[in-house]
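Please open the structure in your viewer and keep the sequence beside it, so that each stop of this tour can be selected in turn.

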Amino acid sequence: MVHLSGVDDLGIPVASLLDSDRVLVGPDDRLGNIGQIIGLMEGYSGRYSFEPFARSVHEHADIERALRASMHLIDRDIAKLPA
């Protein structure tokens, strides 16, 4: 299983990132999740799951909407690929 989480805070050096900095995959993701998924698609057919640990995600007022938005972004960006 592949665990997905993004980091969008530009103020944190990569070497200093913590689990608590991990949010849902969004348009400002610094970790390159879309590229990693695309690379895995060549040979991986397993499941993906979100693994964000940031308090902002856990306390989100409408987590279902946030999850759907993240999934939509991932699907949209992958769909842009040539068939």
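Start by selecting N33, which touches L4, S5, G6 and V25 when residues up to four places away in sequence are not counted; contact here means heavy atoms within 4.5 Å. Before moving on, note that this is a predicted model, in which local features need pLDDT of at least 70 and side-chain atom pairs count only at pLDDT 80 or more, while totals for chains, interfaces and linings use all residues. Residues are numbered from 1 along each chain as its sequence is written, and side-chain values use heavy atoms, with hydrogens and water left out.

N33 lies in helix α1; helices (H or I, at least four residues) and strands (E, at least two) are DSSP runs, numbered from the N terminus. With a relative accessible area of 4%, N33 is buried, where buried means under 20% relative accessible area, exposed over 50%, and partly exposed in between, using a 1.4 Å probe and protein chains only.

Select D29 next, in the loop between β1 (2-4) and α1 (33-40). The side chains of D29 and N33 are joined by a polar contact of 2.8 Å; such a contact is a pair of N or O atoms within 3.5 Å, and within protein one must be able to donate a hydrogen and the other to accept it, with residues adjacent in sequence counting only if both atoms are side-chain atoms. The side chain of D29 also reaches the backbone nitrogen of L31, at 3.1 Å. Leaving aside neighbours within four places in sequence, D29 is in contact with G6 and V7.

Not counting residues up to four places away in sequence, D19 touches F53 and A54. The side chains of D19 and R22 meet in a salt bridge, at 2.9 Å from N to O, and R22 counts as buried at 16% relative accessibility. If you also select I74, you will find D19 and I74 55 residues apart in sequence and 21 Å apart in space, C-alpha to C-alpha.

A search of the whole structure finds six salt bridges, and helix α3 (residues 63-79) is the place to look for the one between E64 and R68, whose closest N and O atoms are 3.0 Å apart. Because E64 and R68 are four residues apart in this helix, they are separated by about one helical turn. E64 is partly exposed at 46%, whereas R68 is exposed at 52%.

Select D77 and R76 after that, whose side chains meet in a salt bridge at 3.0 Å, N to O. Salt bridges that share partners join D19, R22 and E51 into one network.

Finish on the surface, where L40, M41, Y48 and L81 form a nonpolar patch with about 310 Å² of accessible area together. Patches are made of residues with over 30% relative accessible area and no salt bridge, like charges being joined within 9 Å and nonpolar side chains (Val, Leu, Ile, Met, Phe, Trp, Tyr) within 5 Å; accessible areas come from the Shrake-Rupley method with a 1.4 Å probe, and for residues only the protein chains shown count as cover. M41 is found in the loop between α1 and β2 (48-50).

Terms used: A salt bridge is a side-chain nitrogen of Lys or Arg within 4 Å of a carboxyl oxygen of Asp or Glu.
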